[in-house]
Amino acid sequence: MCAPSSTEKMEWQPLSLAGLSLALCVLLSLTSATPSGPASATCASLEQSRFFGVFSSKVALPSAPCSWTLQNPDPRRYTVYMKITKPTESCTPRQIKTFQFDSFLETSRTYLGMESFDEVVRLCDASSSVAYLESSKQFLQLRKVVPMQLAHEEEGSDDEGSQFGAEFLVVGKRNPSVPACEMLCKWLAECLATSTHGNPCGIMATPCQCWEPPRRRTGGCYRGGYLFTSPAEGWSGWGRWSECSNECGGGVQVRSRACQPDDGVCEGVVEEGRACNPQPCIAGKVRQRSQALRSIIGLRRDNGEESNPANPAPGTDQWSLWSACSVSCGEGWQSRTRNCMTSAHNTLCTGPLRENRPCNSSIVCPVNGAWDEWAPWSLCSSTCGRGYRDRVRVCKPPNNGGEPCVGPSTQTKFCNIAVCPGQCVFDGSWNDWSAWTACSASCSNGTRQRTRECNGPSYGGSECRGDWPTIYVCYCPLVDGKWHSWSSWSSCSKTCGGGSQQRQRVCEGPFFGGGPCTGDKADLRRCSEKRCPEPHEICGEENYGNVVWKRTPAGDTAAISCPSDAAGLVLRRCTLDAVGLAFWENPTYIKCISTQYQDIQALARELFSKFKKGLTVNGVSEVLSRLRMTSDDGTKYSGDLLVVMEVLRNTTEMFRGAGYSLSNADVENYAQTISNLLKDEYHDKWEEAQLMGANIKEFFSLIEDFIDMIGKQMRDFQDIYEVTENFELSIQKRPKVMTSDVTFPMKGWRGMMEWVRNSEEKVIVSRNALSLDVPESTGFVTGIVLYRNLGPVLSLQSNSTLLNSKVVTVIVKPNPGFLSAPVEIEFPHQHNGTINETCIAWDESETASLLGSWSERGCRAFTVDSTRTKCVCDGLSTFAILARPNPESVSPNMDKNLLPSVTMIVGCGVSSLTLLLLIIIYVSVWKYIRSERSVILINFCLSIICSNALILIGQTQARNKVMCTLVAAFLHFFFLSSFCWVLTEAWQSYMAVTGRLRNRIIRKRFLCLGWGLPALVVAISVGFTKAKGYGTVNYCWLSLEGGLLYSFVGPAAAVVLGVAVEFVRSAPPASLDLDVGSAGHHGPALGSVPDPLRCFRLAGGLHHCHGALYPAQGGEAGRHVDQTRSAVQKACSFTRACVRVCVCRRSRKL
């Protein structure tokens, strides 16, 4: 077997493009010549003595007009080929011209033998991405010209259109180099593969033999185009004999050979054997080696007979089963084998050890389609001018599910590039004129000229007629002076009291005796004419909020940058007080926006911009979800509130305009975000926003758009009900013919929010009120909103008036305008001792009234009772009650819920006073009654006294959120402590019965149970809830929302259960002393002293748990019973303690 030499291997390896370029540059000493010959005077390049190159039109043809020319070293010996990659983006038609010519006459500016390649290249034809051409003349030129539509522009203007790339290759006609042929053959293959009848290949002929080498066969090699195969009919030479299978007594040696190629079938024996070591063996010294003969039956047998497996040769084993067929279709082979059984008397085996047979000859294999050889090229389609010729090939169709042929069936290329002499005569023609040159002189008479070039005649045509240059004399005209634009106004010379500003301009010229500029060079105007403030009218420099505010006159606003977590400006205004002294107002953060809100605002604005352009918008729901989560965490600056409203307004418009359907999550996110705007802690931010121009009108408009947006996608008789911490929303859709009134709140829709359960507002919209003529398929959408705390935001409260109700909005879509029946709203009063209740409605047309946009017009007030008023209004709007404080009232501005009731004050006072007296008595006779039971009783009294004090304090702190939270947390602790000390008393009784009470460790456990366990429960509750639920808007106790109340009810119920068990089981004998005094002293046996508080404490604990579940709506009766029970309980404790003291002192005397 032979292998190709290393030289031959390298001959077949293709060179890379970089290697080809480097080799040609080194061998041919490539140089870039100075542009000369036919070229533009301003932008031209000429390539000489280069055989390969790559360039871009952006570099070679940067402007128009511009030219790039390649010179053929010798057209008789070389042919130029070019590959042009067409523009992928914009392309200007007829901007790039490609042509070849023989020479250029400088004197007459004439091209000789010029032929255009525009039909071959077709640069703006997008049907093919690459164009190829073949040039056989002296010069090949690419020229960028100014298109007709751009002819009015100046010369040298850069046009970004028609940007392309190009490669050129100069190939010798005789004995071309191998790298050049490899490149050219690659181009030819690509050109023919993409050629069509309408887009022929521009490479017509090549000096290279572009052929595909035959596929090599294994077991041979190619030398000079001939295939050399291995000798011995495919068998390799025999190998060496192996070792003998036995060292004595006769054995077998084996040698083998290989069949080449590996996938062929050779005729003959693979292995053969011979006898060895015939000498006899000594007893006990026989050693054997395993050997086996293998043979193969040839593919072609002369006799076609097979061995008979029924008569095996002596010394051989039985045949194995036939193996699986070597192929799945067509003709394959199966084989079977047998072993040679060797012994001391029989060492040779006759016959083959392996046999083959054909298989699967009945299954037909799929045959892929195959191309026939290409047919010869056809004759040229034209004998004069440029034509084309083509060739075809036929595909042998696939059989049995084979793959079809891949590749083109037709190839087309140009032919007859040279014009047939004597048949076509071409006269010379002028190209377009160039632009005029600049005047040759700048201050005296000069000349300007333009030129044109002639496309020379061919085959007897006439010359170009006319002159190629045009020259005329240019004179320097009289140029008058010309003013430049005014400069900007200078800063004012004074900040107040009247100053001046100045601006100037510059005159250019005159030239050549022209006239001067007319007008003034400078301009002056007055500025800062306001009166300068007096010293007392200027706010001095002040360090406030770790920021230095500089001196600012009254009426002006100072500004500094927002904190690092926000962007914008912090504003602070200097104003005059009532006596005319300047003072600083508080800084406002209306222009500060937090970072997280900036990100949401930018995303919403980007989506809104796409929506305005009519593009598809995705991600509105994600923006709404992010806004809800961010607003849940709170807003730090008042500017954040305006961002929330802007994002809600934009998302509403996108949902309504694009016709998207809101999901339940979108409605919930929208409602919760609006509720977050009305949080109590944002009232001061709303005041800032309204002072800087933001009006509550935008908020009401947002609510109305929200209801309208939801109503458009609702079905008839569908209801939507949303309850949040700050408003209650009901949306009902009814058909045109309504059979019932629209009421609010709806029955069965009461939410779990406590303020909603306690609300007593009622709204009725009569079915007769809605008489709008709407389409049959459209119904009425009624939206009613009850705001919990919108009143402080409206700024309606003053020294003479106050808002005495919650705010209710009633909206109907489509808007019926005039109502045939009024809307009725019943409001409970929020304040006691008010007079002149007036129903007011939001009316944007009444901006000049004393109430701003609030008006009394169209509403009438009817008193229901002393605590409720009904408003009957003729229109749809936002309604509330405005009242005046009663001057005879003790506290006209005090909320009725902020003062504790008389019963509560008396009950808590009697209870606390009784317990305080009890503690004083115990302390005075402590040396007589000192015991564990007395310590427990004193701690129990302290917890009850603290609870009573916090109840009275918390009733007046419901509007102070921080103070109310602290009161609720401590009240939770002391209430649990009172229960735990009752449990401790039961534990002490049990320990006394069992005799374990004298251990000091057990005494410390009493304190841990009485004070430590309540503290642990409160700490865990505060940690898990982050103090949310401690304190509500009506009382300072645990909220009923979220399950926080069970952190008190659960332990309290457990204590009540423990006390009940102690009451049943721990009845001590009369002789047992439950009181243990000091060491060495035992008091009298008080087991016989009755304890009337046990049953009363058990009942009181149950009542206390029940009252904690309903602190707000238990009513005055429940609170009176609770306070009376507590007072009686403390009185009984006081009586029992007095009896106990008397008994102890009497026992001392005895």
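The points below take the disulfides one by one and then turn to two further cysteines.

1. The model under discussion is predicted. It holds 17 disulfides. Among them are the links Cys43 to Cys66, Cys244 to Cys276 and Cys859 to Cys873, which are treated here in that order.

2. In the link between Cys43 and Cys66, the S to S distance is 1.7 Å. The angle about the S-S bond is -60 degrees, and the link is left-handed.

3. For Cys244 and Cys276, the disulfide has an S to S distance of 1.9 Å. This link is right-handed, with 90 degrees about the S-S bond. Cys244 sits in the loop between β13 (226–229) and β14 (251–256) and Cys276 in strand β15 (residues 271–276); the pair therefore ties together parts that are 32 residues apart in sequence.

4. Are Cys244 and Cys276 buried or exposed? Cys244 has a relative accessible area of 8% and is buried. Cys276, at 10% relative accessibility, also counts as buried.

5. The sulfur atoms of Cys859 and Cys873 are 2.2 Å apart and form a disulfide. With 115 degrees about the S-S bond, the link of Cys859 and Cys873 is right-handed. Distant parts of the chain are linked by this pair: Cys859 is in strand β49 (residues 859–865) and Cys873 in strand β50 (residues 868–873), 14 residues apart.

6. The accessibility of this pair may be stated residue by residue. Cys859 is buried, its relative accessible area being 14%. Cys873 counts as buried at 0% relative accessibility.

7. Cys980 counts as buried because its relative accessibility is 4%. Cys1008, by contrast, is exposed, with a relative accessible area of 52%. The value for Cys1008 is to be read against the rule that exposed means over 50%.

8. On handedness, the reader may wish to keep the following in view. The link of Cys43 and Cys66 is left-handed, whereas that of Cys244 and Cys276 is right-handed, and that of Cys859 and Cys873 is right-handed.

Terms used
Residues are numbered from 1 along each chain as its sequence is written. This is a predicted model: local features need pLDDT of at least 70, side-chain atom pairs count only at pLDDT 80 or more; totals for chains, interfaces and linings use all residues. Side-chain values use heavy atoms; hydrogens and water are left out. A disulfide is a pair of cysteine sulfur atoms within 2.5 Å. Helices (H or I, at least four residues) and strands (E, at least two) are DSSP runs, numbered from the N terminus. Buried means under 20% relative accessible area, exposed over 50%, partly exposed in between (1.4 Å probe, protein chains only).
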